[in-house]
Amino acid sequence: MGDMEFNSMLIDVAKHLNEDDMKRMKFLCKDIVKKRDMEKVETPLDLFTELQSREKLTVNDSSFLKQILNKCEKLNAIGVIEQFENNRLNHPVGNGEVPMDVSPGVRNQALQQAHPVVPQPVHQSHNSAASRREDPIIQQQLNALRSEFNFLTKNLSREWRFYLRALGMADADVDIVETDYPRSLRDQIYQSLVMWVKEYKDKATKAELIRALKDGSVERFDLASKLEKGNY
C-alpha cells in the first residue's frame with residue numbers, strides 16, 4: 001500500500017475532526033510546528049502536511065498522530081488509522097519482508113504473519129479502539145469518588161494545578177482540560193480529576209486524594225483533614 005492509500009486514509013481521518021478538535025491538536029503540536037507555520041494551519045490536512053514535513057507522520061509510522069488523537073479522545077479517527085495499518089499487514093513488501101521503519105506494533109504483527117512459527121492466540125492491541133471503551137473499573141471509581149470530587153472542586157483554588165501534579169497528572173493533559181473549559185475553574189478541576197481516574201483506574205483512590213493534599217507543593221492540610229474525617 002503506497003502514498004495514495006495513505007493520503008486517502010488521512011482524508012478519512014480528517015472527516016472525524018471538528019474545529020474544537022483542531023484547536024486541541026494544534027495546541028499539542030505547538031512544540032513541533034513553529035508558531036509562524038502553525039498560523040497557516042486551518043484544516044486537519046494542513047496539520048497532517050506539517051507533521052509529514054517534520055517526519056512525525058509517515059506511511060510507516062502514524063504513532064504520533066494516534067497519540068494526539070487519543071489525547072483528544074477521537075476514537076473513531078484512531079480506528080481509521082488502525083484499519084489502514086491492519087490492511088498493510090496483508091501486503092508485506094517483497095518476499096515477506098517488512099519495512100524496518102514501520103511502527104513496532106505493526107512490524108511485529110506483520111513478521112508473525114509472514115514467518116509464522118507456532119500458532120498463537122490473537123490478543124487485542126492495547127491501543128485498539130475497543131480497548132479504550134469505558135472500563136467498568138473507571139465507572140466504579142468515578143461513582144465512589146463523586147462526593148470527594150465535588151468537595152475538592154468547590155474548595156481548591158490557586159494551588160489546583162500543583163495538586164494535580166501531585167496526583168501524577170501531566171501538565172499537557174491539564175492544558176487540554178483548560179482549553180476545553182476556559183471559563184470555569186470548577187469545570188477544569190472536576191474534569192481533570194475525571195481524567196486522573198481514567199488514567200490511574202483502581203489506583204485512583206480517596207487515600208491518594210488525601211496524600212496529594214498533604215504534598216509539599218500543595219499543603220492543604222485543612223482539606224486533607226476534612227476528607228479524612230468525612231466532614232464534607
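Me: A polar contact is a pair of N or O atoms within 3.5 Å; within protein, one must be able to donate a hydrogen and the other to accept it. With which side chain does the side chain of Glu 85 make a polar contact?
Reply: This is a predicted model. Glu 85 is found in helix 6, residues 75-89. At 3.0 Å, the polar contact made by its side chain falls within the 3.5 Å cut-off. The partner is the side chain of Lys 66.

Me: Is Glu 85 buried or exposed?
Reply: The relative accessibility of Glu 85 is 10%. Buried means under 20%. Glu 85 therefore counts as buried.

Me: What distance separates the C-alpha atoms of Glu 85 and Phe 6?
Reply: Phe 6 is one of the buried residues of helix 1, while Glu 85 is found in helix 6. Along the chain, Glu 85 and Phe 6 are 79 residues apart.

Me: What percentage of the residues in the protein chain is buried?
Reply: The protein chain has 232 residues. A residue is buried when its relative accessible area is under 20%. Buried residues make up 38%.

Me: Which helix gives the most to the lining of the second largest pocket?
Reply: About 230 Å³ of space lies in this pocket. Its lining includes Arg 24, Lys 71, Tyr 181 and Lys 198. Two elements give two or more residues to the lining: helix 11 (171-180) and helix 12 (185-200). With four residues, the most is given by helix 12.

Me: How many residues of the lining of the second largest pocket are charged?
Reply: Glu 73 and Asp 180 are among the lining residues, and Asp and Glu count as charged. The lining also has six nonpolar residues and one polar. The charged residues number five.

Me: What is phi of Glu 73 near?
Reply: Most residues other than glycine have a negative phi. Glu 73 is found in the loop between helix 5 (63-71) and helix 6, and counts as exposed at 52% relative accessibility. Its phi is positive, near 55°.

Me: Where is Glu 219 found?
Reply: Glu 219 is not a glycine, yet has a positive phi of about 55°. At 49% relative accessibility, Glu 219 counts as partly exposed. Glu 219 is found in the loop between helix 13 (206-213) and helix 14 (221-229).

Definitions and conventions: Residues are numbered from 1 along each chain as its sequence is written. This is a predicted model: local features need pLDDT of at least 70, side-chain atom pairs count only at pLDDT 80 or more; totals for chains, interfaces and linings use all residues. Side-chain values use heavy atoms; hydrogens and water are left out. Buried means under 20% relative accessible area, exposed over 50%, partly exposed in between (1.4 Å probe, protein chains only). On a 1 Å grid over the protein atoms alone, a cavity is a set of points where a 1.4 Å probe fits but cannot get out, and a pocket is an open set with protein on both sides within 12 Å along at least five of seven lines; lining residues have an atom within 4 Å of a point. Grid points are joined across faces, edges and corners, and a volume is the space filled by probe spheres set on the points.
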